[in-house]
Amino acid sequence: MARISLAGVCVEFPVYHASARSLGGFAVETALGRRLRKDGRRARVAALGDVDLELADGDRLALIGANGAGKTTLLRTIAGIYAPIRGRVERSGRLTSVITPGIGLNPDRSGLANIPLLAMHLGIPPAEIRPHVDEIVAWTELGAFIDAPVRTYSAGMITRLTFAVSTAVAPEILLLDEWLGIGDAGFQLKAYQRMASFVGVSSILVLASHSGELLRGWCDRAVRLEGGRIAARGPVAELLPPAFASA
Amino acid sequence: MAGSGALAALRGAGQDVAAALARPWLWGALGWNDLRQRHAGSWLGPLWITANLALIVACLTFVFAGPLGGGDAHSYAAYVAIGLVLWQLIQASLNEGAQLFIAAAETIRNAPMPLTVHALRLIWRNALVLLHAAVLIPPLLLFSGVAPSATAWTALPALLLLLGFLFAASLLLGLLGARFRDVAPIVANLTQLLFFVTPIFWLPEALGHGRAWLTALNPFFAFVDIVRAPLLGEAPMAGSWPMALAAAVLAGLAGFAALAGARRRLPYWV
């Protein structure tokens, strides 16, 4: 059973000015100034504030928000990459998080040779992905390109390969960032069908995107982030910016 | 956070190390892939490592066997080859260790995996480099006429101890290097300096009594000595094993403490 639970989650980024990154600067600051400045004047950027989120099997959540609103940070926090400074993140179920497509690719090797490398970076051991390789190759429709070095691939082709690998072994929790929108219309349709085949009752999907069409098609609920806080919750169509809602 | 923060941090670090050790398919494949990528498309591939070492050993033997090696070119060649293979392992692991997490920044920010995986990947990669270079050593030992001694096998546990030390040291340096960007250039300078003050291409006896502390206090000499001496049919110096063990334990404790302290913050630093 898949579950995601966030309670009062806050994430802050330390912003290091140049002298705090150097050993000498750090030593001088620690000796002279740190005690006076306390933590108050160390530059920090609040990226997420008081985020509460409960997701269970079958939930398909859309993350909506302007650039810098905290969508990717929220995905990384759910994935366990960023540890919150306050609050609690609980998660159960096998996680596949694809924040950026193509992580782990070796550009000099073929798409085929890269399938296990991509899978490994998604937490799938080579032995588990091996039985799915033929199916992945067929699904991507890359044809002869599957034997060409990945550095010759377009962004859309890498998107196809990444999506096929990340969904080959049905994930229980699937986190996808905006990159999904890179694929062409044919890809979008195929990807939707593939996703729908396993995100039925036994999985959770969290998708961040600026594409109203994509979000309305894939998701059944939404949260809108503003300045790292959840500004609104509700049906996808209601939370989309007006331009998309009327489209 | 529930419970004691420090205890939770130590437990988290322990889980990170355990989870990484349980994924040999991950760091094993990544280390291999690094080596492949480094030599992709080249004629000799990773055998360039072997060829490079052969050339250096030949030149060093030609120039220094007389003035520094006591005049016996055959035993000097084996001595210098073993020393260089070990030094390349040490130097590469420390230098790459100081940039460990900076180099892996993209992976860390995008693919959730135990941080220790990156250190194991580095050690595995450099162990593979060592294996490629080490194929030169058996023929050189034969050539030098050294009879295999009964204690030659101790070179293997000694090498494993060195790999363990380098694993812990790369974790420690990697965490420090991610937070403080001076660490990598400092380590690069120090390893360069240490190469000259450690008996790799000269014999420890050359120091005389006045400067013997240079080797006695040098943990890197201790590690080189406990691997090299048994292979050459000699006994390591009395202080070498204790020094190497102490260095490995200290590095292990420091590396683990650094992981416990910095693990949750590292993704914000890289």
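Predicted model: local features only at pLDDT ≥ 70, side-chain atom pairs only at ≥ 80, totals over all residues.

Reader: What does B:Gly97 touch, and how do you know that these are contacts?

Author: Leaving out residues up to four places away in sequence, B:Gly97 touches B:Leu122, B:Ala169, B:Ser170, B:Leu173 and B:Gly174. Two residues are in contact if their C-beta atoms, placed from the backbone, lie within 7 Å. Residues are numbered from 1 along each chain as its sequence is written, and chains are lettered from A and ligands numbered from 1 in the order in which they are written.

Reader: Why is B:Gly97 called buried?

Author: A residue is buried if 20 or more other C-beta atoms lie within 10 Å of its own, exposed if 12 or fewer, and partly exposed in between. B:Gly97 has 30 such neighbours, so it counts as buried. B:Gly97 belongs to helix α4 of chain B. Helices (H or I, at least four residues) and strands (E, at least two) are DSSP runs, numbered from the N terminus.

Reader: How many helices and strands does chain B have, and what makes chain B compact?

Author: Chain B has 14 helices and zero strands. Its radius of gyration, taken over C-alpha atoms, is 20 Å, close to the 18 Å of the globule rule (2.2 Å times the number of residues to the power 0.38) for 270 residues, so chain B is as compact as a globular protein of that length. Buried residues make up 43% of chain B. Of its contacts with a separation of 6 or more, 80% join residues 24 or more positions apart.

Reader: What makes a nonpolar core, and which residues have the most contacts inside the largest one?

Author: A nonpolar core is a set of buried Ala, Val, Leu, Ile, Met, Phe, Trp, Tyr and Cys residues joined through C-beta atoms within 7 Å. The largest has 145 residues, and A:Leu63, A:Leu207, A:Leu215, B:Ala81 and B:Leu175 have the most contacts inside it. Helix α4 (residues 73-98) of chain B gives the most to this core, with 15 residues. As for A:Leu207, the residues it touches include A:Leu63, A:Leu215 and A:Trp218, not counting those up to four places away in sequence.

Reader: How do you know that β1(A) and β4(A) pair?

Author: Two strands pair if DSSP finds at least two bridges between them. Six bridges join β1(A) (residues 3-14) to β4(A), and the two run antiparallel. One bridge partner in β4(A) is A:Glu90, facing A:Ser5.

Reader: Why are β2 and β4 of chain A at the edges of their sheet?

Author: The open sheet has three strands in the order β2-β1-β4 (chain A). β2 (44-56) and β4 (86-92) each have a single partner strand, so one side of each is left without a neighbour in the sheet.

Reader: What makes both faces of β5(A) covered?

Author: A:Leu95 and A:Ser97 on one side, and A:Thr96 and A:Val98 on the other, are all buried. Four bridges join β5(A) to β6(A), and these strands run parallel.

Reader: How many residues does each chain bring to the contact between them?

Author: Chain B brings 19 residues and chain A brings 25. On the side of chain B, α2(B) gives the most, with five residues.
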